[in-house]
Amino acid sequence: MANARLGRTEQITGWTFIAPALVLLGIFMLYPIFWSLWMSFQVGKGMNFSFGGFANIVRLTKDPVFIRALVNTLTFLVVQVPIMILLALLAAVALNDPKLRFRGFFRTAIFLPCVTSLIAYSTLFKSMFATDGIVNKMLMAIWIIQEPIHWLQDPFWAKVLIIIAITWRWTGYNMVFYLAALQNVDRSIYEAARIDGASGWDQFWQITVPMLKPVILFTTIVSTIGTLQLFDEVNNITQGGPSDSTLTLSLYIYNLTFKFMPSFGYSATVSWVIVLLVAVLSFAQFAIARDRSK
Amino acid sequence: MTTTALRWRHALAMAAAAGVSMLTMTAAMAVDVTVWAWDTNFNGAAMKEAASRYAPSHPDVNIKVDDSMQQEDIRQKLQTQLLAGDTTGLPDIVLIQDDVAQKYLQSFPGAFVPLSDSIDMSAFAPYKVAAATHDGKSYSLPFDSGVTGLFYRADYLKDAGYEADALKDLTWDKFIQIGKDVKAKTGHNLIALDLNGSGLIRIMMQSAGAWYFNPDGSLNILDNKPLKAALETYAKIWQADIVKPASGWTEFTGAFTSGETAVALNGVWMTGTIKSQPDQAGKWGVAPIPKLEGVEGATGYSNEGGSSWYVLSSGAGKDAAVDFLKSIWATDVDFYQKILIGQGAFSTWLPASAGDAYKASDDFFGGQPVWANFSEWQAKIPSIDYGIYTAEVDSAVVAQLPTITQGGSVDDALKAINDQASQQMQ
């Protein structure tokens, strides 16, 4: 009896302690989330809202720009994330080799891009990949191409440019996770594999990748979320062009809110599409990872 | 401590207190008027010149010009704060480009002071006043003109066999022919174009008195003959292989300031950029733009860009702001001569063109009376209504540009523009 009362007092004390945090979370996180969900069912220009039911969702299905933005975003995701994960893995394995000299220098060099300012590197990429920029000049000097590539004017090459840019920036970030994880892999496993005659390639696929699976899963989900929210690079390098070929969902939300006649309800609907995509894809990745471990 | 010393200290303290209260009193009476503009060398500099002219007779008004932001940032801040209903961070006077003005006027009723109540609007170019008129009231103090001109390198054209006379009454077909000749004889491309912008198409369309919308505001794409002709002409220019593709403003302006391309077809405000290369003095000329052939109402006169000053009704300094705009921007002829020479700011206040600077000839342009010409062309620009959805339709047009320049059907493009724009106008 006395114990139960004590327990209850402790419980109340506990709740009192976390109450301020809960109130703040409620005001600054839960309320905006529910408000934006409510907004996504509103139609109208500027501040003149009215409840539109599923009007915004119907509008989504008919909106060619939204579909273009969705396809672009998914294209970036499907092409860029696997390339980046593989590059980061290879770099991590190579830089984990104790016999390699200047390891610290290489690690820093590969990690450095992801601490640069987004705007600064976007501006730099834009000038490097201009028609008469340094990249075209170099490629022509070493006879890889005959004529300059119109990186910024051609819908295909503009996409490639965005992929190159985000890969450059984020590979080092993922590599750091792999490097940390590799420190925990026991060297004796590799030794045993070598004695059994496994090649370097076999060791990579049969030991390193399986051992790093949880970390790979984590980086894949983080990269997926990042790519679905891709905004800075496209806004600063191509502004979604040419011909909307690099328009992403986030940039479209920005345009709907700040560039066009403000349409908050509809841009909230597009935002929720990203939320749903992130949820579904993360779930799918977890599910796939779980299946394989059985 | 002696009594004298005490008395002295007392007196000093009193004097100091009086001084402080005097200061706070003047501070309370003085009015701050903040202004947002976006180009340090152009509209920011013109506004600062206006402020310095107003200051001597109005020591109580303190005009602060902030020209550190880009136009995009100003639009974004304005839109966000007006939407949020929190105007504390907004200025008293803001510069807005004409083609987006209606969007602000119509989506934020009451946010701006109707200036036609206190300033005579008939002294300004009618098309500028029309751009800022909503429900019978005009809300802007019209600033710079976007009257267009064909800036050309007279030396390149001469090498290709064209004198200045050949550029009078140009058609776009003739323009393309000139481009081919210039490329064959001098190796220079005629013009730089950015596939991410619809500027040239809008110039062509307005030169025939058309825009994306019907008078009632509904979309006018499928049966818009000037727009169709403009798209066809735009495609022809690209296909003639006389274009240097440019991406972004720096590359775009770099193409003609570096001497790479032979012409620039833009608003009069480009004059400053062209004249930024003193070593090209005497090599340039200006002519009216080419006409769309076979289009009813086609002229050689159009508009690109141009902006105006708006007074926010939420600002504490709004009355001072209106008085300032009235007494400098709608009164002072000399002021307009100064900013024309200094910044190349071409006025839309009609009496300004009576000043000396507007009559002068310019040696940079081979001794042409450039400003007098622009004044004459400005009076002939067809007035149009920019509506509230220009940004939406623009992005639909830009989405079709790569396809039509590669030979795609213009009719299909018009249909796609119509579909996309009608989706966006909800």
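Analyst: What follows describes the interface and then turns to the salt bridges.

This is a predicted model, in which local features need pLDDT of at least 70 and side-chain atom pairs count only at pLDDT 80 or more, while totals for chains, interfaces and linings use all residues. Residues are numbered from 1 along each chain as its sequence is written, chains are lettered from A and ligands numbered from 1 in the order in which they are written, and side-chain values use heavy atoms, with hydrogens and water left out.

The interface brings 30 residues of chain A into contact with 27 residues of chain B, contact meaning heavy atoms within 4.5 Å. Between the two chains about 2,700 Å² is buried, with carbon and sulfur atoms giving 54% of that area; buried area is the accessible area (1.4 Å probe) that two parts lose on being put together, summed over both. Of the area that chain A buries against chain B, Arg59(A), Phe260(A) and Met261(A) supply 23%, more than any other three residues.

Across this interface the rule finds 10 residue pairs in polar contact, both residues being at pLDDT 80 or more. A polar contact is a pair of N or O atoms within 3.5 Å; within protein, one must be able to donate a hydrogen and the other to accept it, and residues adjacent in sequence count only if both atoms are side-chain atoms. On the side of chain A that touches chain B, the elements giving two or more residues are α2 (55-62), α3 (64-95) and α12 (249-259) of chain A, and α12(A) gives the most, with five residues. Helices here are DSSP runs (H or I, at least four residues), numbered from the N terminus.

Salt bridges across the interface of chain A and chain B number zero by the rule, which asks for a side-chain nitrogen of Lys or Arg within 4 Å of a carboxyl oxygen of Asp or Glu. Over all chains, however, the structure holds 19 salt bridges. One of them joins the side chains of Asp332(B) and Arg53(B), at 3.0 Å from N to O. Asp332(B) lies in the loop between α12 (318-329) and α13 (333-343) of chain B, and Arg53(B) in helix α2 (residues 43-54) of chain B, so that the pair links distant parts of the chain, 279 residues apart. Asp332(B) counts as buried at 17% relative accessibility, whereas Arg53(B), at 28%, is partly exposed; buried means under 20% relative accessible area, exposed over 50%, and partly exposed in between (1.4 Å probe, protein chains only). Both residues belong to a network of salt bridges that also includes Glu49(B) and Lys338(B).
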